[in-house]
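This report is written for a reader who is new to the structure and would like a careful description of its surface, its fold and two of its residues. Please look at the sequence and the model first.

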Amino acid sequence: MTRQGEKFALCVGLTPTVQDTRVVARLRIGDVNRCRSVTRTISGKGINVARVIETLGGSVELVGFRNDAPGRVCVTIRDEATGRVTELVEEAPLPKPGEWRAFYRQYDRLVKRAGLVAISGALMPGAPADVYAKLCAAAKKPVIIDSQREPLLRALRHRPLLAKLNVHELENTLGKTPVVAGARQLIERGAGNVLVTHGAKGAWLVTPAAVWFFTPPRIQPVNPIGSGDAVTAGIVVGFLRGAELPEAVRLGIACGAANALTPTSGQVIPGDVRRLLPAVKLRRVRL
């Protein structure tokens with residue numbers, strides 16, 4: 001939702017899903033498992049980012065596909081006995097050529113008025129690897145991209161403000177490499193700045209001039225699925241409100257922790273974000 005005259009974040013969500021969250025007392029592989037509860041929500045990385053931005057009071061528009069293909073369903077299974085969460089991810093269908101053209105037209109129309117673009121998620125199987133590169137090239141404004149592998153590397157040529165990925169995605173993209181060294185490789189390829197997250201272990205913000213390390217709040221997580229999307233959303237809101245990048249990332253880390261306290265993905269309670277924000281510690285790393 002956008003308000004008259006306000007700069008909004010344009011969120012790109014190419015792979016929406018129905019998120020089916022199921023809770024079992026104890027998950028037994030190869031056996032019958034009866035669900036204590038089932039919750040279905042509309043999800044997908046771009047949708048999660050947009051929803052959290054709106055929850056935090058930001059203005060947002062979401063761009064994606066409108067097609068007749070059956071929607072995908074992703075299943076989250078939360079084991080109450082161990083606290084572990086298992087995710088079953090169904091791949092998104094490949095859009096038809098006419099659907100791609102309609103998507104690009106919609107994006108070009110909206111991006112002219114946006115204050116920032118947030119691109120999130122992997123592409124569906126069979127999609128051209130240069131989709132995100134085209135979006136970055138057309139944006140002509142700050143871009144935050146949360147992706148990996150070739151789609152991310154191609155997009156870096158167009159100098160996005162921030163490339164965000166977790167440690168596993170960094171390894172998928174560059175092979176085994178120390179976090180800071182890998183982040184600097186991405187900056188050499190064109191990223192303005194790089195954020196690498198590692199869940200409860202912390203996050204590294206690498207800029208051309210400095211390295212920052214963030215320690216997240218200690219929490220008892222309920223469901224961490226979608227926390228990365230909440231981090232992206234918090235960064236977007238902080239940036240659009242004029243915060244320096246380290247402070248915007250600090251807000252993002254608080255949002256990621258707040259998401260983990262909720263039972264479904266891509267949800268935060270603003271009061272949790274406010275409570276957790278002072279507990280996010282950041283320090284400049286001297287290398």
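## Surface and burial

The protein chain has an accessible surface of about 13,900 Å², and carbon and sulfur atoms account for 52% of that area; such areas come from the Shrake-Rupley method with a 1.4 Å probe, and for residues only the protein chains shown count as cover. Of its 287 residues, 51% count as buried, where buried means under 20% relative accessible area, exposed means over 50%, and partly exposed lies in between (1.4 Å probe, protein chains only).

This is a predicted model, in which local features need pLDDT of at least 70 and side-chain atom pairs count only at pLDDT 80 or more, while totals for chains, interfaces and linings use all residues. Residues are numbered from 1 along each chain as its sequence is written, and side-chain values use heavy atoms, with hydrogens and water left out.

## Overall dimensions

The C-alpha trace of the protein chain spans about 50 × 50 × 45 Å along its principal axes.

Among the contacts in the protein chain with a separation of 6 or more, 66% are between residues 24 or more positions apart, a contact being heavy atoms within 4.5 Å.

## The sheet and a helix on it

The secondary structure comes to nine helices and 13 strands, which are DSSP runs numbered from the N terminus (helices H or I, at least four residues; strands E, at least two). Nine strands form an open sheet with mixed pairing, in the order E4-E1-E7-E8-E9-E10-E11-E12-E13, and two strands pair if DSSP finds at least two bridges between them. Strand E4 (60-63) and strand E13 (281-285) are the edge strands, each pairing on one side only.

Within this sheet, strand E9 (residues 162-166) and strand E10 (residues 194-197) run parallel and are joined by four bridges, with Ala163 standing opposite Val194 in E10. Helix H8 (residues 245-260) packs on the sheet, where it touches E10, strand E11 (203-206), strand E12 (211-215) and E13.

Key: Axes fitted to C-alpha atoms, helices over the stretch in contact; angles between N-to-C directions.
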